[in-house]
Amino acid sequence: HLVPPFPVRSPDISAEKSPGLNILYVGNVISQKGLHVLLKALVRMEQGCFKLTIAGRLDMEPVYVKQIRRQIKCSHLEQSIQVTGPLNGSELTACYLENDILVLPSVNEAYGIVYIEAQGFGIPVIGTLAGGATEIIQHGENGYLIKPGDSKTLSELLTTLNNDRDRLKLMGSKARDYYQQHPTWDDSCAKIRDFLIRT
């Protein structure tokens, strides 16, 4: 979605703006991405200790979007959640820079470019054990992996990170390190090209 290099994010920037945990969801608002699981996790947390920004298209599954809006209202989370819709490059960059952690608890994610993007900004990520997230997220190092639908564990992890900012900062640093070691698109395409030439 974004063209590297990404600006280095200060781990203290969001703490200066908000005493709570700033959580980011980047993805189309569709059932597969598991936003409803994240909302269930937030209900378990102390209210006022977090802010969630939802960035992504809202027109792909209108029925699901209505369900999400109803879930937010019934859970009394309106004051803690911002729904931006899709963001362009500079807007998305600013969004990454203002948040502490990315959460995308997908039922299945073939790869998950946003996991890599977030880590490029020094943001730890939380995904699930279903799909490509397991190839990107090193559990307990640069993020966490949970079982699909496990809102209880997700809530516990978010609460832990909110209470332990040193751990959050360390995980952000390791996320950035992982990103810097990750092959670029040019690297990956060159390997594919070499493979095709040899075969």
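Here is a friendly conversation about a predicted model of a protein chain.

Biologist: How many helices and strands are there in the protein chain?

Modeller: Reading from the N terminus, the elements run α-β-α-β-α-β-α-β-α-β-β-α-α-α. Counting them up gives 8 helices and 6 strands.

Biologist: Which residue stands opposite V26 in β2?

Modeller: Strand β1 covers residues 21-26 and strand β2 covers residues 50-55, and the two run parallel. They are joined by 6 bridges. Opposite V26 you will find A55.

Biologist: And over in β6, which residue is the bridge partner of I126?

Modeller: Strands β5 and β6 run parallel and are joined by 4 bridges. The partner of I126 in β6 is Y144.

Biologist: Are the residues on the two faces of β6 buried or exposed?

Modeller: On one side of β6 sit G143 and L145, and on the other sit Y144 and I146.

Biologist: How many of the residues of helix α2 are buried?

Modeller: Helix α2 (residues 35-44) is mostly covered. Its buried residues are L35, H36, V37, L38, L39, A41 and L42, and they pack against β1, β2, α3, β3, β4 and α6.

Biologist: Which residue meets E109 in a salt bridge, and where does it lie?

Modeller: E109 is in the loop between β4 and α5, and its partner is 76 residues away in the chain. Both residues of the pair are buried, and their side chains meet at 2.9 Å, N to O. The partner, in the loop between β1 and α2, is K33.

Biologist: Why does the salt bridge of K174 with E141 tie together separate parts of the sequence?

Modeller: The closest N and O atoms of K174 and E141 are 2.7 Å apart. K174 counts as partly exposed because its relative accessibility is 31%, between the 20% and 50% cut-offs, and E141 is partly exposed too, at 35%. K174 lies in helix α7 and E141 in the loop between β5 and β6, so the pair joins parts whose separation in sequence is 33 residues.

Biologist: How many residues apart are E156 and K152 in helix α6?

Modeller: The side chains of E156 and K152 meet in a salt bridge, at 2.6 Å from N to O. E156 is partly exposed at 40% relative accessibility, and K152 is partly exposed at 44%. In an α-helix, residues three or four places apart point the same way because there are 3.6 residues a turn. E156 and K152 are about one turn of the helix apart, which here is 4 residues.

Biologist: Does L196 count as buried or exposed?

Modeller: L196 is found in helix α8 (residues 185-198). Together with I192 and F195, L196 makes a nonpolar surface patch of about 320 Å². Its relative accessibility is 55%, over the 50% cut-off, so L196 counts as exposed.

How values were computed:
Residues numbered from 1 in each chain as written. Predicted model: local features only at pLDDT ≥ 70, side-chain atom pairs only at ≥ 80, totals over all residues. Heavy atoms only, no water. Patch = residues over 30% accessible without salt bridge, like charges linked within 9 Å, V, L, I, M, F, W, Y side chains within 5 Å. Areas by Shrake-Rupley, 256 points an atom, 1.4 Å probe, with all protein chains shown as cover. Salt bridge = Lys/Arg side-chain N within 4 Å of Asp/Glu carboxyl O. Buried < 20%, exposed > 50% of the residue type's maximum accessible area, 1.4 Å probe, protein only. Pairing = 2+ DSSP bridges. Contact = heavy atoms within 4.5 Å.
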